[in-house]
Amino acid sequence: MQLLKPAWVNHDGSKAIFSVDLHPDGSRFATGGQGQDSSGRVVVWNIKPVVSEKDEEDEKVPKLLCQLDQHLGCVNSVRWSCNGRFLATAGDDKVIIIWQQSSYGGGAVFGSNVVNVESWRSVATLRGHDGDILDVAWSPGDVWLASASIDNNVIIWNTAKWPEQVRVLRGHSGLVKGVTWDPVGRYLTSQADDKSLRIWRTTDWTTEEKIVDPFTECGGTTTVLRPSWSPDGQYLVSAHAMNNGGPTAQIIERDGWNTDKDFVGHRKPITCVRFNPNILKKVDSKTGKSVQYCCVAIGSRDRSISIWFTSLKRPLVVVHDIFDDSVLDLSWSSCGRYLMAVSKDGTLAFINFSVDEIGCPLSEDETNNLHMKLYGKSAVTSATSVNPTIIENPELLRLREEERIRAKAASASEQSQRPVPSTPQRAPINKQIETRTADGKRRITPMFIPPTEGVETPNKSYEASFSSSQQEKSKIVVEKVDGVVEPNVSSSRPPAAFSTNSSSSPSKGVSLPAEFNGVPAGLPARFGKTIGNNSERQVDSQVACLSNKRKQDDAQPVMVKRKRGRPPLYDRSSAPPPPRAPSPPAVPAATSTRLPVAVHHHAEPLLLPEASLSKSTRVQIPGETSNDIPPPLLVVENDYRIGSRVGGGTPNLHRVSRTQLNVVSWVAYLTSQVTAATATSGTAAFTCQDKSLHILDIKTGEMMLPPLQLQGKASQLFAQESSIMVLTVDATLTVWDLTKKKRILSESIKHLVEGRNGGVKSVQLTAEGTPLLLLTSGEAFIRCHDLEVWLLLGDSASVRRIVQPEYTMLPPCHPSDSCARPLASLLHQTAAYSGSSRVSRPIISDDARQSLTEVFINRMLTSAQYLRSGHDYKFWLKRKVQFFIKEGLEKKLRDIFDDLLGPRHSGTTESQELQNWKPKIMDFDKTSLLEEFLREILLAKNSLQLQRLYSEYKEQLDANIIETI
């Protein structure tokens, strides 16, 4: 142990220093006391010259970092925040100043020769006391700041909203001279001249215990009374107590607030107590076992300091006559080896302990784990909670732990039971086909790569782009095919695309089947059932031949001089390119639906966008799936072959096929582009641009009905078993029953989509055949057959923006859970119920937000009840209980609990009520629900406020179970 008193640490020579505090990072310390002309002074010092003699002698190492003279009265207390960002100072001028280091450099102090190395600025000035402030203390996690004053009050300040006062604690009848927090933020302790020490609960800021007996013989002879909590939270040590007429430091046990122990030995009253912030451990030389203990320093008016271990009956060391006046404050470093003390004589003492003397501190994790084990809470959890709570009752702690284990096991079980989404077979991604045209140009056929369903990889391209700075050679294999492909120069459309099947090569000329000739636009020309790649290649070749032959017969040569090896170009002079030969009016082009048509001035604008598909689309056919065999696919290939407008003209061809393992079961060709496609286990349906709807047998490809002509172009298409639903761009919704060949519904939903933000996400049918409409705004509508009206499920985005965000989040829902959780499944598909707190929210009163939140939850409950979804109903009922618990609405909780408990136990005995009461709600036992909801009280932050409610209904519930047995 080393003891020294640096003479350069002083306030203008011999001015009194009332307080000292070491910074959490151990780089500096602050002192507070008297300044010039009875004003207050705060000085921030560098600790290096104190610890190291070499740095003390080095002129380049500054000693004084910053001097602050803003206080108008003597500074009685200085305290660093737990994170070290702020410094709180309080004094006789009745104010508290919160300081923060500024990025600007220091400068000369006005009216003195002191030059500041650092710059500290005031970020808040707290006014609320009517007298001198003698002590301040930061709560664990810097959630609150407590201040004690001679106005007999303690004020709790909200550190997140300076200068907001959380509560003014009134109860002392004398000068309050010291405050301290327990290490987990459960209690606040204040000691005053009224010969009492009060312990306040931070849950409701009421008195937990008032301790008087050890202080009945004490007099108000000390300047300050600074108590302290042990870092393990088991002991509270007070200042200035008396035992048999002698001064002591009273030890108060947390368990029962017993006061049968104390520290004795000082000759005059104790002024300050300060525990080492660490729980220490040392190996016992006798037993060889590791012993954990706490260390406390005690300062007295007898000018001495004593150091105690909780594991020893006698003090570790006592330093006598270290000062010429009373010891007023003590401070330990975060490492636990440095102790500082200041006195009214204006000097500072520094004590340096070795590890062998003081012991090794427990790590932060070990300390937090100990706190969690003892109290179910630690300083870390206090920092994340504005209203920290602890359940110290063993029964309540056991129930909370059981709930956590049960929730964890349920989550793991749910994840293990989820089916793995099937992955369709991918085409090769490392192969391309290269051909050459007659003019020598290369043609590369792009390979289609189907996406993996159910898996999103939005960041893979970025990872691949930036993961390495080296350039690697391409690994794509280019397959060169012999043969010449004639470039299409007579049309502005691109050349005919090859088949997306990578195993087939580009086709050559074969005559087109006779049954294809004369097919009107929009009518599918279905070939016979073909099996294998050879049959598909033959069909491709037949179609390619027709295109090439007609190009040779009908195309007019363009006489343009060009160099060999280059494609033909029009003359680049100012003359326009030669016009094409017009198509005969008797044979309209296959893409006539895309050409502009005459628009009437009185035509209404389209309410919904037209459906569209990419050039190649694959739809998975539902049915039996296997991990070894990929599912069958319905493949739509728009613009499969490009037609010609020259001569008689040929329409564009669009192909629809059923494939599995590269085996094509059937193929159908259409002359109007496919805009939407869907498939069930029995049918395939697709709409085209010519307003037609085609329905085919999924296994054979046979047409089940002639093409249905719709009233308008399709916007949405949905099929389910024997039912098909189409929503057109003019907001007309039609449902057909294919088995009965009957129209079930046809009505306009213009009133549902007009004037709303966003559009239609999708249309669906329930298992009973009831239409559903999902909007991108998050609203879902279901049609009630009996009422012949649409019902709103969920709520609009404008309402959800007002509701508290944590109550708009939906439960996790897998696609396989759509039957068990229909409401959650529907609303998940809208992708609008994120519950994000980043969404801009209108500023309204808390009462209005609370009321709207309750209305929103009630609406979700009503929706779940209409859908007869028990799991959804239970989820929102539980969320309603959680909302009432958080808001402390005990009366509304009682209404729910009374209904779950039943009239026999809720205080009503009317026979009619007993007859009307049902023991189950939505197939859930009410008693089990009540037991589950009562556990929510234990897990809530304000659980202690509702403990009476919990006990009341828990006793009745247990009595009900006993009667049942």
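This is a predicted model: local features need pLDDT of at least 70, side-chain atom pairs count only at pLDDT 80 or more; totals for chains, interfaces and linings use all residues.

Residues are numbered from 1 along each chain as its sequence is written, and side-chain values use heavy atoms, with hydrogens and water left out.

The chain first. The secondary structure comes to 17 helices and 54 strands; these are DSSP runs numbered from the N terminus, with helices being H or I of at least four residues and strands being E of at least two. The chain has 965 residues, and 48% of them count as buried. Buried here means under 20% relative accessible area, exposed means over 50%, and partly exposed is in between, with a 1.4 Å probe and protein chains only. The chain exposes about 49,100 Å², of which carbon and sulfur atoms supply 50%; the areas come from the Shrake-Rupley method with a 1.4 Å probe, and for residues only the protein chains shown count as cover. Taking contacts between residues at least 6 apart in sequence, 55% join residues at least 24 apart, where contact means heavy atoms within 4.5 Å.

Now the backbone. Most residues other than glycine have a negative phi, and most peptide bonds are trans. Which peptide bond is cis here, at an omega of about -5°? The one joining Trp-162 and Pro-163. Pro-163 sits in the loop between β12 (153–158) and β13 (165–170).

Two non-glycine residues have a positive phi to look at. Trp-205 has a phi near 60° and lies in the loop between β16 (196–201) and β17 (207–211). Is Trp-205 buried or exposed? Its relative accessible area is 8%, so Trp-205 is buried. Leu-661, with a phi of about 55°, is in the loop between β39 (653–660) and β40 (663–670). Leu-661 counts as partly exposed because its relative accessibility is 44%.

Last, the helix. α14 covers residues 890–901, 12 residues in total, and at 1.5 Å a residue should span 16 Å; the expected span is 1.5 Å times one less than the number of residues. The end C-alpha atoms of α14 are 16 Å apart, which agrees. Leu-893, Ile-896, Phe-897, Leu-900 and Leu-901 are buried in α14. Seen down the axis, the buried residues of α14 fall within an arc of 130°, so they line one face of the helix; the arc is that of the directions from the helix axis to the C-beta atoms. After α14 comes Gly-902, with a positive phi near 105°.
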